[in-house]
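Hello,

Here is the structure I promised to hand over. Please open it first, then read my notes below.

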Amino acid sequence: MTSTVRRWWQDWTQGAPEAAVARARLVLAGHAWPEAALAVLARLREGGHAAYLVGGTVRDALLGRDPGAEIDVATDLKPEQVATRFAHVVPTGMRHGTVTILEGGVTFECTTFRREGAYSDARRPDTVEFTTDPLADLDRRDLTVNALAWDPAAAALLDPHAGALDLERRVLRAVGEPLDRFREDALRPLRVARFAATLEMEPDPPLRAALAALGRPESDYAGATVAAERVRAEFDRMLRAREPSRGLEVLREAGLLGLWLPELERCRGVPQNRFHAYDVYFHSLYTCDAAPAAKLDVRWAALLHDIGKPDTRVDHGGEGTFYNHQFVGAELADRLLERLRFPLERRARIVHLVREHMFDYRPGWSDAALRRWLRRVGPDQVADLFDLRIADTLGNGLRQGFPTALEDMRRRIQGLLAAERALRVTDLAVDGRDVMRELALPPGRAVGEALEAMLEEVLDDPSRNTREHLLARLRERRVTNA
Ligand code: ATP
Ligand code: MG
């Protein structure tokens with residue numbers, strides 16, 4: 001090895017922060033930043049001001065992840081000054097130094113460099129002190145991996161807390177003393193859990209210890225008082241991760257899960273039966289992991305589908321039965337989602353999936369039974385319910401594979417839906433004008449009766465709902481009537 005390579009290797013293996021910074025600079029300098037981002041930064045810098053990409057934007061670029069919906073920018077300009085430099089701005093939180101800029105179809109969250117004062121309510125700082133020092137601004141951020149700033153024009157990276165190295169090691173570490181940081185903003189523990197899931201990183205031992213300290217019975221941690229909307233937003237992001245179970249487990253291990261999702265926490269240790277390898281809690285987590293990440297509400301339904309089990313368990317010599325747990329679970333889910341202030345429509349959709357998740361299809365079901373089921377569930381919900389069922393099967397840990405009865409059910413439902421498309425007179429391939437013309441009838445009851453007669457025929461055999469066939473039938477009628 002040449003000496004350079006050896007030094008590089010030593011830095012890598014010994015994890016020198018400077019080497020990590022050097023590698024990060026290479027990645028960031030080669031990153032294809034959106035044109036609009038470079039334009040916004042240039043605009044902010046006019047007149048000798050400072051402007052950096054910060055937070056999740058820099059972090060996600062280094063991780064090679066898809067960027068978030070908003071680009072995070074920080075500057076020494078005051079919010080009012082920022083607002084005057086752009087045509088489309090939203091004064092999101094001027095007092096705290098946040099302006100939203102809309103530029104080139106991209107949304108920017110622009111914050112003024114600041115230090116934060118004391119927090120008396122564990123939510124918002126009592127005072128915000130603006131500063132021109134970007135390093136002071138990075139000190140107030142929650143995790144080292146979020147405390148990076150990048151200036152693309154100067155190719156300058158600020159990394160005062162060795163966040164670049166933590167990104168490589170995949171470690172979540174607090175900026176400064178974790179317990180102090182949690183006292184400032186009670187949402188931060190939940191953010192840690194969310195990032196553990198979305199970034200697939202582990203909290204370092206001091207951060208874990210601090211989380212566990214908050215979870216002890218004697219702790220005065222104010223987690224339960226955080227605004228429900230902020231809590232829901234964090235869980236929504238967590239549930240979009242590849243494996244939400246990573247984040248949920250961080251909370252449970254720290255004794256914090258019960259603050260927000262007590263209905264789920266008490267599933268831990270509730271034993272099931274020979275159809276399951278896991279207790280109700282882990283089954284719920286793995287079902288959630290197995291549900292499609294792009295279907296957030298199916299993910300929620302998967303997480304909550306069995307929360308009625310602890311209340312309905314009856315033990316038969318070690319084997320559990322859980323009759324009606326779906327109805328009890330739907331009630332519990334409804335209250336839980338109301339508590340987290342879910343919009344009504346989402347709440348109804350998730351509760352419906354929980355209530356209907358137990359369908360027990362057999363190929364022996366009659367068409368009438370299947371049609372009744374379809375009416376109750378709603379044709380639009382079938383795909384989600386199937387996704388939930390597949391996840392449920394994957395989440396029992398027995399590796400039984402795909403539930404094949406669902407394939408048969410899906411085929412039959414498609415057939416029924418196709419047939420039901422001709423359920424109403426208005427769905428027929430002919431209309432009243434055709435009837436009047438072919439039968440030489442004036443408008444009146446006889447026209448309706450002729451249409452009804454054709455509907456009967458089509459219900460018996462949906463393939464007859466063609467214009468050609470129905471017109472031929474009308475002509476036959478005319479001949480018979482004449
Ligand atoms: P996302 O990918 O969800 O956008 P993010 O890390 O970018 O994650 P934002 O809410 O966009 O999160 O915040 C941008 C940055 O501001 C964060 O990376 C972090 O540095 C800082 N920040 C945001 N919220 C907090 C908080 N509650 N406490 C401390 N720092 C925070
Ligand atoms: Mg962001």
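A polar contact joins the side chains of Arg347 and Asp334, at 2.8 Å. Keep in mind that this is a predicted model. Arg347 sits in helix H19. With a relative accessible area of 15%, Arg347 is buried, because the cut-off for buried is under 20%.

**Overall layout**

The protein chain is split into four pieces: domain 1 (11–169), domain 2 (175–260), domain 3 (281–419) and domain 4 (425–481). How far apart are the centres of domain 1 and domain 3? Taken over C-alpha atoms, the separation is 42 Å.

**Salt bridges**

The whole structure holds 50 salt bridges. Here are some of them.

Start with helix H19, which covers residues 344–356. Arg376 forms a salt bridge with Glu356, and their closest N and O atoms are 2.9 Å apart. This pair links distant parts of the chain. Is Glu356 buried or exposed? Glu356 is buried, at a relative accessible area of 9%.

Next, look at helix H23, residues 432–439. Arg437 and Asp434 both lie there, 3 residues apart, which is about one turn of the helix. Their side chains meet in a salt bridge of 3.1 Å, N to O. The two partners fall into separate classes of accessibility. Arg437 is partly exposed, with a relative accessible area of 47%. Asp434 is buried, at 5%.

There is also a network. Salt bridges with shared partners connect Asp236, Asp297, Glu345, Arg346 and Arg349 into one network.

One more pair is worth a look. Glu202 and Arg208 form a salt bridge, with 2.5 Å between the closest N and O atoms. Glu202 is partly exposed, with a relative accessible area of 43%. Arg208 also counts as partly exposed, at 30% relative accessibility.

Strand E3 spans residues 89–93, and strand E4 spans residues 98–103. They run antiparallel and are joined by 3 bridges. Val89 stands opposite Ile101 in E4. E3 and E4 form a hairpin with 4 residues between them. In that turn, Gly97 has a positive phi of about 90°.

E4 also pairs with strand E5, residues 106–112. This pairing is antiparallel too, over 6 bridges. Glu103 stands opposite Val106 in E5. Which residue takes a positive phi in the hairpin of E4 and E5? It is Gly104, with a phi near 55°. That hairpin has 2 residues between the strands.

As background, side chains in a regular strand alternate between the two faces of the sheet.

**Cysteines**

How many disulfides does a search of the whole structure find? The search finds 0. Take Cys288. The closest cysteine sulfur to its own is in Cys267, 13 Å away, so the two are too far apart for a bond. Cys288 is buried, with a relative accessible area of 1%. Cys110 is buried as well, with a relative accessible area of 1%.

**Ligand 1**

There are 14 residues around ligand 1. Those that come nearest are Arg59, Asp72, Asp185, Arg188 and Arg194.

- Arg59: an N or O atom in the side chain is 2.7 Å from an oxygen atom of ligand 1.
- Gly56: a polar backbone atom is 3.2 Å from an oxygen atom of ligand 1.
- Asp142: a backbone N or O atom lies 3.3 Å from a nitrogen atom of ligand 1.

**Arg45**

Last, Arg45. This residue lies in helix H3, residues 35–45. Arg45 counts as partly exposed, at 23% relative accessibility. Where does Arg45 stand relative to Thr127 in sequence and in space? The two are 82 residues apart in sequence and 26 Å apart in space, C-alpha to C-alpha.

Best wishes

How values were computed: Residues numbered from 1 in each chain as written. Chains lettered and ligands numbered in written order. Predicted model: local features only at pLDDT ≥ 70, side-chain atom pairs only at ≥ 80, totals over all residues. Heavy atoms only, no water. Pairing = 2+ DSSP bridges. Salt bridge = Lys/Arg side-chain N within 4 Å of Asp/Glu carboxyl O. Buried < 20%, exposed > 50% of the residue type's maximum accessible area, 1.4 Å probe, protein only. Domains from an automatic or database assignment. Disulfide = S-S within 2.5 Å. Near = heavy atom within 4 Å. Polar contact = N/O pair within 3.5 Å; in protein donor to acceptor, adjacent residues only side chain to side chain.
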